[in-house]
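Please find below my notes on this model, written for someone who is new to reading structures.

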Amino acid sequence: IVVAALNWPIWIVFVVIILFSVLRFYRMYQIVYKSRNIEQMAKFFKTNKRNPLYGYTASLQSMDNATIKAASERVLAKYKQPELQAIHKTNIAILEKDYTKAQREIQPIANTGQGQITLAQIFALHNKPFEIKKLNFDEPWAKAMVAAILALHKKDVATFEEQRKIALENSAGMQHFSN
């Protein structure tokens, strides 16, 4: 209506729509993959929690096992990709403290980077530091995160804080939020 009233060509409408779409996509990409602003990410994930992946990520802030489990179940119901199925079935097993089941659930992707990190989390939570040494990590944040979990189990708060800081400095986006 504005374009017609101002007698502008219709292509201006299309350019404006495309521009706004690109800007919105860039903002989403920046928050999900590059941001380190926890408040900004928390707001984005809460606002978009209808998407099960964002809802799961938002649920992590609650620190409530039942809420996180329910969010993982929503992801399992919507997404059938083997990697997501393995990760979220493993998450549920970890929340239930069934580490044997967790190891079994992650096996389909055990040789991938995410599988190795998840196995390390399982071994750290189950206090098996020697098993962790057999795993390979490509990401510096993953090594630090696992070291932080082990330090927490040993009640070594200084090492935990040091490793937690390294994990946060070397991660961004959803991974930073999750860490």
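**Notes on the predicted model**

1. W11 counts as exposed, at 53% relative accessibility, where exposed means over 50% relative accessible area, buried means under 20%, and partly exposed lies in between (1.4 Å probe, protein chains only). W11 lies in helix α2, residues 11–34; helices here are DSSP runs of H or I with at least four residues, strands are runs of E with at least two, and both are numbered from the N terminus.

2. Before going further, please keep in mind that this is a predicted model, in which local features need pLDDT of at least 70 and side-chain atom pairs count only at pLDDT 80 or more, while totals for chains, interfaces and linings use all residues. Residues are numbered from 1 along each chain as its sequence is written, and side-chain values use heavy atoms, with hydrogens and water left out.

3. W11 also belongs to a nonpolar patch on the surface, together with I10, F14, V15, I18 and V22, and the accessible area of these residues together is about 660 Å². Patches are made of residues with over 30% relative accessible area and no salt bridge, with nonpolar side chains (Val, Leu, Ile, Met, Phe, Trp, Tyr) joined within 5 Å and like charges within 9 Å. Accessible areas come from the Shrake-Rupley method with a 1.4 Å probe, and for residues only the protein chains shown count as cover.

4. How many salt bridges does a search of the whole structure find? The search finds three, a salt bridge being a side-chain nitrogen of Lys or Arg within 4 Å of a carboxyl oxygen of Asp or Glu. In one of them, K69 pairs with E96, with the closest N and O atoms 2.8 Å apart. This pair links distant parts of the chain, since K69 is in helix α5 (residues 65–78) and E96 is in the loop between α6 (82–95) and α7 (99–106), 27 residues apart. K69 is partly exposed at 26%, and E96 is partly exposed at 39%.

5. R164 and E161 meet in a salt bridge at 3.0 Å, N to O, and because they are three residues apart in helix α11 (residues 157–169), about one helical turn separates them. E131 and K134 form a salt bridge with their closest N and O atoms 3.6 Å apart; E131 is partly exposed at 29%, whereas K134 is exposed at 61%.

6. Is T90 buried or exposed? T90, which is found in helix α6, is buried, with a relative accessible area of 0%. The side chain of T90 reaches the backbone oxygen of A86 at 2.6 Å. Neighbours within four places in sequence aside, T90 is in contact (heavy atoms within 4.5 Å) with A102, E105, I106, T118 and I122.

7. The largest nonpolar core has 26 residues, and those with the most contacts inside it include I122 and F137; such a core is a set of buried Ala, Val, Leu, Ile, Met, Phe, Trp, Tyr and Cys residues joined through side-chain atoms within 4.5 Å. The elements giving two or more residues to this core are α6, α7, α8 (113–125) and α10 (140–153), and α10 provides the largest share, seven residues. Apart from this core lies another, of nine residues, among them I31, F44, F45 and F177.

Definitions and conventions. Polar contact = N/O pair within 3.5 Å; in protein donor to acceptor, adjacent residues only side chain to side chain.
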